[in-house]
Amino acid sequence: MTRVLVPVAVLEGETVSPGLMSLLGTVDVTVLGHHVLPEQTPPDQARLQFEERATAALEDLSEEFRAAGGAADHRLVFTHDREQTVQRVADEVGANALAVSRPTGDVERVLVSLSGDVDADRILSFVETLVGDRDVGVTLFLAAGAEMPDEAATDDAATDDADPTDATDPGVADEQNGAADGSDGDEARLEAAADRLREAGIDATTERATEGSAFDALIDAAAGHDAVVMGERAPSFRSFFFGDESGRVAAASVGPVLVVRNRPEPAEGDADATPDGEE
Amino acid sequence: MTDEPSGRNLDGDAPVAEAVVETEEATITEDAELERTIGLTGGLAIGIGTMIGAGIFVFPGLAGGEIGTAASASFAVGGVIALLVALPTSELATAMPRSGGGYYFISRGLGTLAGTVIGLSLWLGLVFATAFYLVGLGYYALDALAQVGVTVGASSEAIVSAIAVLAGVAFTVLNVTGTENAAKLQNGIVALLLSMLTAFLGFGLLEAFGVIAVDTPPGQAADVWEAVPILSVAALVFTSYLGFAQVATVAGEMKDPGRNLPLAMVGSVVIVTVMYVLTIFVATNIFTRDTLLASGETAMVEVGRALLGPAGALVIIVGGLLATMSSANASILSTSRAIYGVSKDALLPRWASRINLRYGTPHVALGMAGGPVVVLAATGQVQLLAEVASFLHLIMYGLMCVALVAIRRDRPEWYDPDFVVPGGPVIPVLGALASFGLIAFMDRLSIGVGAAVIAVTAGWYFYYARDVELKGAL
């Protein structure tokens with residue numbers, strides 16, 4: 001079952017807009033109420049004082065989510081480190097995506113970004129489930145220069161092996177090839193992705209940006225859409241300084257963002273046994 | 001043996017208790033989870049960061065001034081005692097990874113009276129220690145002023161007190177209003193200090209063994225290699241080891257506590273002991289004890305100057321400022337956790353652990369830490385503050401060792417430590433004897449002040465919390 005984790009800073013008055021709630025009506029939701037404390041404060045101390053208030057707010061939120069359609073439960077965490085908490089709970093509940101909660105009205109059209117080194121297959125199947133048979137349009141977006149991940153990468157493995165220029169390190173190799181054959185290839189892949197969604201009965205269009213940074217292009221494209229779906233990326237030098245990309249997209253586009261997680265659901269039990277060996 | 005604390009205090013509050021599940025990553029209560037966010041590095045930084053300020057930057061002058069190179073032995077004795085206590089503390093902490101540290105173990109192992117006395121003495125002991133660090137900070141700030149050409153002449157002690165008071169107020173205000181996470185900064189400061197010291201000590205050792213030579217001022221006073229003075233200095237400098245148990249006050253926030261708590265506590269003791277012994281060795285090798293005595297709290301600045309010229313003096317001044325600040329700050333953080341642990345068990349009024357929603361900080365507890373710190377810092381009494389802090393901590397350390405023996409004997413159902421001290425009761429018994437024994441070598445005035453504090457805390461128990469029952473509960 002597809003599950004989305006919605007982190008909410010309940011004690012700071014953060015809430016979830018009705019638009020995002022109805023958008024998530026087709027999937028299961030775990031509302032993660034979190035309260036971030038400065039290091040002076042033991043989390044247990046904050047729990048003692050704020051637990052009841054926070055739990056009441058979370059129960060209301062879960063109730064509203066259930067009313068919007070999907071199954072919903074909630075967790076409440078007191079922490080010093082929001083990022084660590086979100087990742088841990090997302091692993092534990094096996095969440096397919098994280099929501100960055102921002103206000104929005106009724107969602108009529110969603111922008112789905114396939115730029116960068118993301119798992120397109122997971123994004124597309126998430127979008128299929130999310131939209132379901134509702135009347136929500138999808139715009140597939142790919143920024144220039146940003147190589148689109150080959151959703152059929154595993155099928156192509158044999159041919160890739162024969163063609164070293166295209167194989168080992170897609171990030172570097174394709175950036176060099178991009179000018180020559182990349183743009184036709186991108187177009188084709190984007191179209192293939194759109195066809196896949198159309199087969200599932202979704203109104204899908206495509207959009208490519210040819211200039212400027214991938215981030216700015218995405219923000220420009222987000223205008224006219226009510227929410228953004230994007231893939232999860234490894235933390236980078238940039239994210240270290242400016243915060244993670246999804247947060248910046250949410251802030252700049254003034255709308256909710258759904259981040260499809262890369263990791264497959266963890267096996268029961270020890271989740272951190274092999275932090276680096278994902279493949 | 002009951003598993004639940006019971007009874008009510010004078011205000012009619014009962015201890016807060018409920019069943020929780022501890023995992024490596026979080027504590028899971030009925031309705032909420034508490035994330036564990038401090039790793040091994042963070043734990044070591046708390047331990048080392050609390051300890052290193054005093055031992056390296058304040059005591060070499062005082063201790064070396066009294067007995068010369070023999071002070072290395074005093075620091076070694078202190079390190080061994082600290083290790084004897086750190087091992088039993090580790091076992092208790094892995095069995096009860098909760099906020100409150102030593103207080104929690106003693107109240108569960110030895111009952112409410114001992115718990116109240118230790119809980120409140122831990123708070124006040126930390127207050128004395130923090131005041132001591134701040135006075136040390138004042139001396140380094142004064143030296144820094146002198147370095148840039150500002151001399152204050154005769155009233156230097158008043159200036160030191162004034163700087164200590166200002167710093168105490170500033171730290172309290174910053175801790176109440178500061179919501180930025182300073183943990184990374186603390187880790188960075190500790191790493192910087194360790195690398196500065198390693199370079200400095202490496203150079204000093206080369207000099208000591210005659211590989212390189214610098215001019216050392218002449219002096220006649222010989223080293224005092226006698227047991228009683230060595231132990232008496234050990235009692236004084238034991239304040240330099242008061243950080244390892246502070247790691248236990250954040251036990252509830254430590255990731256993988258079964259592994260990281262013992263490593264952080266024992267590791268920080270071993271690291272600082274080596275640093276201390278080497279520092280004293282280098283300092284007393286360059287200066288004889290009368291020269292050290294003359295330069296007092298900031299003798300290390302002169303050592304730095306003799307070794308490396310003005311640059312060496314500057315390195316030590318910057319290091320001293322950073323180290324005393326990090327010690328003071330880490331202690332204030334531990335204090336608010338100590339108060340919270342006691343207040344949660346209804347031994348102090350519940351309002352003592354209130355948090356304000358605006359900053360998310362425990363302003364009452366921080367005020368209860370910062371207020372008395374400022375008053376004590378104003379006295380400027382380095383030795384007295386240090387010894388009273390040591391006295392109160394040594395009582396706690398001794399009782400923690402006793403608590404370990406008691407709790408092992410009683411074996412409550414929940415007692416299942418990840419880390420077990422080897423050798424049966426040998427180490428805890430030695431730790432208790434050494435802790436209580438060291439007190440005998442302290443100054444009479446310090447013992448008197450410490451005993452008065454203990455008497456007041458015991459009085460508080462009989463007045464406020466006589467009916468609260470904590471022994472054997474989880």
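In which sense, left-handed or right-handed, does H3(B) cross H15(B)?

1. The model is predicted, so local features need pLDDT of at least 70 and side-chain atom pairs count only at pLDDT 80 or more, whereas totals for chains, interfaces and linings use all residues. Residues are numbered from 1 along each chain as its sequence is written, with chains lettered from A and ligands numbered from 1 in the order in which they are written.

2. H3(B) passes H15(B) in a left-handed crossing (the near helix is turned anticlockwise from the far one by less than a right angle). Helices H3 (residues 71–95) and H15 (residues 382–410) of chain B pack at about 55 degrees, their axes 9 Å apart; H3(B) is therefore oblique to H15(B). Axes are lines fitted to C-alpha atoms, for helices over the stretch in contact, and angles run from 0 to 180 degrees between N-to-C directions. Angles under 35 degrees count as roughly parallel, over 145 as roughly antiparallel, 65 to 115 as roughly perpendicular and the rest as oblique. Helices (H or I, at least four residues) and strands (E, at least two) are DSSP runs, numbered from the N terminus.

3. H3(B) contributes Val85(B), Pro88(B), Thr89(B), Glu91(B) and Leu92(B) to this contact, and H15(B) contributes Tyr397(B), Met400(B), Cys401(B), Ala403(B) and Leu404(B) (C-beta atoms, placed from the backbone, within 7 Å).

4. Between the chains, the contact takes 31 residues from chain B and 26 residues from chain A. On the chain B side, H13(B) gives the most, with five residues.

5. Strand E3 (residues 72–79) of chain A pairs with E3(B) in the parallel sense over two bridges (pairing requires at least two DSSP bridges). Phe78(A) stands opposite Leu34(B) in E3(B).

Conventions. Contact = placed C-beta atoms within 7 Å.
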